[in-house]
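Hello,

Here is the structure I promised to pass on. My notes follow below it.

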Amino acid sequence: VVVDAKEVVSNLLALSLVPEEFTHKLKDLVGQVSRDYTDEWKQAICRVDLVKAVVQNVQDNVPEFVGLMKLWVKSEGLEKDLYSIGAVSSLAEVLSSNLREPETVKAGCYVIAMLATEKSVRDNLAVEGAVKILVQILKFHLKEASLVTQACAALTNTFFDQEYNKSVFLSEGGLSKLQAVFEYHAKNEKVLTYAASALRSLGHREREDELSSAAGDILKIALCSLERSISFPEVQVHLLWTITNVTNDSRECKLKVMHFGGLGTIHQSMENNIFEEKVHRAAACAFSRLFTEEELRVHANDQQILSCLLESIKTFDSDIETLAPLLNALNQLLRSETTKSQFTTREMTSVISAGQANIEEFQIVCKVAKILRKVSSSANHSVMLRDAHAEEFLLNANARYFQNASLGRILTKCLDEMMARESSDGPDSFDIDNVDLSLSTLRESFFGNESTVSFEDNLVTDLKQKNEDLTDEVSRLQQTLLVNSRYCEEKEKELLRCCKEKEKELFELQKLNTETLDKFQLEIKKRDERIIELEEKEKLAALSENAEKEKELLELQKLNTEILDKFQLEMKKRDERIKELEEKEEKAALMRDQFKKKEKELLDLQELKKNSRKLQDKIKKRDERIKELEEKDKKSLMKTDELEDLLWNYLVLSMKLSCDSWTGKWNKMGEVREKLRQEAVPHSEWSQYIIAELEAKDII
């Protein structure tokens with residue numbers, strides 16, 4: 001299915017006021033772009049109005065917003081619009097609220113790194129909170145190598161030429177978080193490389209007062225990491241440049257490097273990376289900066305740094321970018337008299353051979369000449385220069401760069417001092433082939449010596465021979481000049497012919513330009529008319545859109561009123577609910593009081609339980625007493641049964657004797673006996689009852 005990218009984006013923008021549908025369509029758009037990101041899609045999505053719409057609905061579309069930001073920052077000219085619309089501040093808010101989402105954080109760091117390449121955006125990253133977010137990422141994701149790498153890359157770009165971003169980073173405790181990265185990922189070369197790059201960018205300063213409070217801490221971290229990451233050349237390079245940047249024109253920082261043992265650490269870095277030209281180049285720049293102080297030059301004599309520099313000069317004599325800073329460092333180190341005393345013929349030979357090999361490089365020749373000028377001031381070193389065949393280099397350099405006055409003065413001073421030392425040693429040590437002295441100078445040097453006449457004659461003949469050789473050389477040069485002049489004339493003729501042809505071509509091009517200009521002006525007029533028509537149509541469309549928007553606003557107002565009514569009803573229900581809850585709370589308070597009372601009663605019951613044990617003992621004793629009494633009752637019952645039988649017999653006899661109506665009495669006694677049995681009266685009570693009845697009836 002062929003999809004029109006512009007149409008998809010325009011349909012999406014039409015739904016910007018409907019959040020749910022906008023979110024659904026935006027997800028489809030991002031999925032389509034991720035599957036097929038062509039130039040057509042690139043032009044369609046890199047629109048300011050799309051950026052505005054996505055920023056307005058950013059809370060519901062965080063993954064889509066971050067994914068589109070990765071594409072937007074790659075578009076040229078859109079970075080400023082992203083900042084003006086508020087996409088940068090929205091990104092900072094998204095990252096702060098989704099700080100524990102690795103994919104979002106990684107993409108956000110990439111976007112910040114790309115945004116920081118634009119100066120106008122970089123100036124405001126700290127204001128928008130991006131620097132603070134990067135510090136938090138280093139803290140919360142310290143163990144995640146990929147996230148830490150992205151955060152350090154973003155910091156590197158953020159610090160570039162931006163002191164306010166650095167101050168915010170330091171105030172948020174970012175330096176300690178960066179130190180933790182060096183310590184935790186001590187064996188991960190990639191993470192250390194990006195962390196060292198961030199530290200290098202942080203340490204770069206233009207003035208001595210910048211980073212004054214944190215300079216010592218930065219140097220300490222750089223030197224400690226330099227010592228631990230000795231097997232990672234790229235990391236070493238960044239850390240060495242960090243030391244160079246921090247010590248820029250700061251005597252205090254340079255002395256701190258010495259106190260921290262920094263000279264030995266840099267020396268060790270050079271020795272452990274013998275064939276890494278970038279490491280030696282960065283180390284040489286650091287030494288050049290440090291050796292401007294006398295204390296560090298004196299301290300360097302104990303570290304065997306001179307021999308290390310000379311070995312590097314031998315190794316990299318063909319690499320001009322590395323050789324130049326090495327010669328600078330050596331030149332600074334030779335300002336110390338103790339270092340000069342250690343400078344032997346072998347060291348001079350290394351320097352001179354490097355200069356001779358790069359005689360065509362002006363900066364190398366200047367640096368070698370300055371070194372030889374420092375060394376040639378003493379008599380011993382002048383002899384060493386002669387032994388190292390320095391005159392050949394000096395003469396070649398003087399012949400090649402005779403037009404440069406400053407270099408010529410240095411070279412002639414070296415030659416003068418060297419030749420003066422040689423002339424004072426006597427005629428046997430004088431080398432006529434490499435010296436150009438006047439006869440008057442020779443006479444003055446040998447005046448008063450009787451044996452000098454023959455020597456002068458020989459010298460004159462040699463000078464004449466040399467003069468003849470020079471005349472031959474001059475004639476040869478004149479011939480070459482004639483040839484060159486003829487060649488130049490031919491070239492001038494060719495150039496004139498080419499110029500005429502070019503003039504013709506230009507004339508034809510001017511004609512074409514006039515024709516194309518006329519056509520272009522006609523097209524511009526047509527386009528202007530078309531633009532006017534489109535503007536009128538847009539005005540009409542805007543009026544119709546305004547009417548539709550007014551209708552939508554009325555509908556929205558109705559919806560708002562309905563929502564407000566519902567909200568008020570809900571508030572009333574909530575108030576009633578709150579009252580119910582308050583009543584329940586009061587009841588609960590009463591229940592709490594009752595519960596406290598019951599707790600007191602339980603405590604009393606517990607005390608009663610303790611006392612019940614004593615009562616149980618008493619009850620046991622009473623039960624035993626009752627048992628004893630029951631046994632006695634049983635015995636008494638036996639006796640009562642016997643008495644009842646006797647009484648019964650007595651009653652029967654008495655009734656027979658005294659009763660007038662025997663049968664009536666007998667029936668009466670039977671009723672009484674049955675009644676007693678039904679009521680289950682004990683025999684003892686029964687007998688008492690019978691006796692009482694008989695007494696009442698006057699029977700007994």
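Buried residues (under 20% relative accessible area; exposed is over 50%, partly exposed in between; 1.4 Å probe, protein chains only) make up 35% of the 700 residues in the protein. This is a predicted model: local features need pLDDT of at least 70, side-chain atom pairs count only at pLDDT 80 or more, and totals for chains, interfaces and linings use all residues. Residues are numbered from 1 along each chain as its sequence is written, and side-chain values use heavy atoms, without hydrogens and water.

The protein has 32 helices and 0 strands. Both are DSSP runs numbered from the N terminus: helices are H or I, at least four residues, and strands are E, at least two.

Now the salt bridges (a side-chain nitrogen of Lys or Arg within 4 Å of a carboxyl oxygen of Asp or Glu). The whole structure holds 10.

- Glu163 pairs with Lys166 at 3.5 Å, N to O. They sit 3 residues apart in helix H12 (residues 163-171), so about one helical turn separates them. Lys166 is buried at 1%; Glu163 is partly exposed at 30%.
- Arg281 pairs with Asp319, with the closest N and O atoms 3.7 Å apart. Arg281 is in helix H19 (residues 277-290) and Asp319 in the loop between H21 (305-315) and H22 (320-333), so the pair ties together parts 38 residues apart in sequence.
- Arg297 meets Glu294 at 2.4 Å, N to O. Arg297 is buried, at 6% relative accessibility.
- Arg251, Glu293 and Glu295 form a salt-bridge network.

Helix H5 (residues 62-72) is mostly covered, with 8 of its 11 residues buried. Trp72 is one of them.

Best wishes
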